[in-house]
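Please lead me through this structure, with attention to its aromatic pairs, its surface and its annotated spans.

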Amino acid sequence: MAASRPSPSGGRLALIGSIALLVAVDQGVKLVIARWGMGYSFSLAGDVLQYYPTVNEKMTWGGNFIEVLSVPAVAIALNVLAIVLALSAYAFYRASVEKPGKAAAFVFAVGLAGCVCGLVDRVFWGGSLDFLQVPGAFVFDVKDCYLSVSLAVFVALALAHGDAFDLRAYGSYLASRLRRDAK
């Protein structure tokens with residue numbers, strides 16, 4: 001009797017559940033802070049990390065430097081584009097490897113959760129409720145941690161497997177999917 005393999009839909013459900021949980025954590029923390037934690041500031045780790053809640057209305061990190069990136073419609077469009085690229089890149093990865101790795105699923109789940117949190121922030125908060133501050137440097141939130149961790153693991157995976165994928169293959173994959181979906 002052959003060992004049963006987990007169904008692909010079960011893996012998808014676990015991935016969707018992980019993303020939903022990460023989004024719920026980020027947004028839940030923000031709801032608690034918005035309700036009870038605004039107007040307070042205190043040290044979390046000496047002079048290294050402080051609790052300092054503030055709403056960043058510049059919409060994107062780049063919006064602090066380039067005005068057009070702080071326009072809500074532009075920020076939302078870029079966020080939707082990031083979500084679409086993340087979904088298509090992960091689909092390309094799954095189609096390109098024989099046995100998808102857990103690290104890639106982790107990068108995808110954490111990165112997509114960060115993108116969804118960013119979209120929720122822009123649509124419902126009118127910016128990002130940042131609350132962790134590195135004094136003299138920047139203020140960030142849980143979503144920013146998701147995106148930073150995802151990017152770091154993605155770069156490590158890309159360096160380790162850089163010869164396996166290229167932009168030309170990804171472009172061909174996207175073109176074939178678009179042709180197939182147009183039929």
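In this predicted model, Y51 is buried, because its relative accessibility is 10% and the limit for that class is under 20%. F42, at 44% relative accessibility, is partly exposed.

In the one formed by F42 and Y51, the ring centres lie 4.8 Å apart and the planes meet at 20°, so the pair is stacked. F92 and Y173 form a tilted pair, with 5.4 Å from centre to centre and 55° between the planes. This pair connects distant parts of the chain, since F92 belongs to helix α2 and Y173 to helix α5 (residues 167-182), 81 residues apart. F92 and Y173 are both buried. One aromatic cluster is made up of Y90, Y93 and F108.

The surface comes next. W61 sits in the loop between β2 (49-56) and α2 (72-96), and its relative accessibility of 68% makes it exposed. Together with F65, I66, V68 and V71, W61 makes a nonpolar surface patch of about 570 Å².

An unreviewed UniProt entry annotates residues 69-93, 105-125 and 145-170 as "transmembrane region". In the model, residues 69-93 are 88% helix and 0% strand, with their end C-alpha atoms 30 Å apart. For residues 105-125 the content is 100% helix and 0% strand, and the end C-alpha atoms lie 28 Å apart.

V149 is located in helix α4 (residues 142-160). With a relative accessible area of 39%, V149 is partly exposed. V149 and V48 are separated by 101 residues in sequence and, C-alpha to C-alpha, by 19 Å in space.

Methods: Residues numbered from 1 in each chain as written. Predicted model: local features only at pLDDT ≥ 70, side-chain atom pairs only at ≥ 80, totals over all residues. Heavy atoms only, no water. Helix = DSSP H or I, 4+ residues; strand = E, 2+ residues; numbered from the N terminus. Buried < 20%, exposed > 50% of the residue type's maximum accessible area, 1.4 Å probe, protein only. Patch = residues over 30% accessible without salt bridge, like charges linked within 9 Å, V, L, I, M, F, W, Y side chains within 5 Å. Areas by Shrake-Rupley, 256 points an atom, 1.4 Å probe, with all protein chains shown as cover. Salt bridge = Lys/Arg side-chain N within 4 Å of Asp/Glu carboxyl O. UniProt positions renumbered as here; feature names shortened; annotations may be inferred. Phe/Tyr/Trp six-rings, centres within 6.5 Å; stacked < 30°, edge-to-face > 60°.
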